[in-house]
Amino acid sequence: MNVHLLRAPDYREEHFGAVADLLDSFQMPGWNFKRVEPYQFPDEVLFYFWSQDREEPDTQEYKTMVPWDILFGLCKHYRKQNNIPDNEVVVLLTTKKNELNWFSSFDKSRNIFIDTDDWEPYFKNCHHKFPVAHEIIANCLQQAMNLNIANMRTEKCIHMITRGCMNDFCGHKPDIAMKMRTADICKDCMQRLMDCGVQRHIVNAASEAFEGLRKRMKYLESFDWANWEGIIKVNSRRQIIFPELDNLEIPMNPLMKTLYLFYLLQRKNNKRGVSRTELLNYREELLKIYLVVSGHERHTQFISNEHLPLKEMLERIDELISTVNNSFNEKKSRIKDAFEKNIGENLAQAYLIKDVAPAEEDKKGRALAIELAPEKIIISENIQLSPLNWPLPPFPFRMSRTDKTALKGIRNGN
Ligand SMILES: [Zn+2]
């Protein structure tokens, strides 16, 4: 089943990306999700989409109720412009409310819309991408089995009495939330899917994805956040992630990552804290880490110290460890911001580079460390620090003006 995921202009790019990434994270033989991004709808198509805000007489709040044909119209426009075959599915993701306030719906031409808004209150600790991904898969099957949503009372495969099937009728978001936590595909609906020519492996893949979504949501919902101290991992792609939080990444630039990974390795190997002034003793190690996190590790094998990008990297490391420079404090504080923004101030505490017990303070200054338990730190085996095969020039290293100009030339493609 080919499914085109289309982002309505009101839906944020990063949310759209999160939903598409989640769908991609499941092995779903027979399913092919294609994210259409970026897609520019022409103004005349968007005019009616944007012009549905109206003021409610009682509350004076602006409410949007977009008619279904306008939502399906966006799908149709994309379909027509790109010659999408009739047997492929187009799914529009939008935060706009539709005229009947359904969570999602489909038409007879394999166009689907999903309301992505207001899910979070029903799923404690869960991103809305989970219910939205569930709705996408369910709607694809429902349109393929020609579910008659216009005549729900006579449609045998819409169950007014709950039976733990994706086609149980749910009038409210709390009901649908309950359904996602439990339901699969019942025998009758399975038969109907087969009768409509949907291949067995496609239905099985959907069933397994439902199960996968359920497991991840259950895990997130059962969290005792107050005492949570989860595993932090540096994966083979040099990303800093929380495997237990659905691989949530803490974004950092290579130099922030270098500093963070250095302290993470110290802690993992049960070494003592390292003060600001002592960092100078770890100059070579920091450079090796920098090479690894920026994907240059193999260069340590053959590049001489004449190599310009390498010289620039060394200069940045020397700025980082220099006590007369602000680079260290700036990176340390940006690392703190990145954690706090992604997992909140309280949970972030265990992962920050901090002053350790004053007892460790000596004439070299107060030691800094990450206080997380070493067994909570995982570093991918692919991350290996290779020896440098050239001697480091004296500290502090500064690039010459000629080198800088030459490097700029390389960057500009001269
Ligand atoms: Zn059913």
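Analyst: Arg 163 is partly exposed, since its relative accessible area is 43% (under 20% is buried, over 50% exposed and anything in between partly exposed, with a 1.4 Å probe and protein chains only). The model is a predicted one, in which local features need pLDDT of at least 70 and side-chain atom pairs pLDDT 80 or more, while totals for chains, interfaces and linings use all residues. Residues are numbered from 1 along each chain as its sequence is written, and side-chain values use heavy atoms, without hydrogens or water.

The side chain of Arg 163 meets that of Asp 188 in a salt bridge, at 2.9 Å from N to O (a Lys or Arg side-chain nitrogen within 4 Å of an Asp or Glu carboxyl oxygen). This pair links distant parts of the chain, 25 residues apart: Arg 163 belongs to the loop between helix H4 (129–144) and helix H5 (173–182), and Asp 188 to helix H6 (residues 187–195). Helices (H or I, at least four residues) and strands (E, at least two) are DSSP runs numbered from the N terminus. Asp 188 is likewise partly exposed, because its relative accessible area is 42%.

Cys 165 and Cys 186 are both buried.

Other salt bridges occur elsewhere, and a search of the whole structure finds 19. One of them joins Arg 35 to Asp 24, with the closest N and O atoms 2.9 Å apart. Arg 35 is in strand E2 (residues 32–36) and Asp 24 in helix H1 (residues 13–24), so this pair ties together parts that are 11 residues apart in sequence. Asp 21 joins Asp 24 and Arg 35 in a network of salt bridges. Arg 35 counts as partly exposed, at 34% relative accessibility, and Asp 24 is partly exposed, at 43%.

Glu 315 and Lys 404 form a further salt bridge, their closest N and O atoms being 3.6 Å apart. This pair links helix H10 (residues 308–321), where Glu 315 lies, to helix H13 (residues 401–411), which holds Lys 404, across 89 residues. Here Glu 315 is buried, with a relative accessible area of 7%, whereas Lys 404 is partly exposed, at 43%.

For the chain as a whole, the secondary structure comes to 13 helices and 14 strands. Its C-alpha atoms fill a box of roughly 80 × 55 × 50 Å along the principal axes. Buried residues make up 50% of its 414 residues. Among contacts (heavy atoms within 4.5 Å) with a separation of 6 or more, 65% are between residues 24 or more positions apart.
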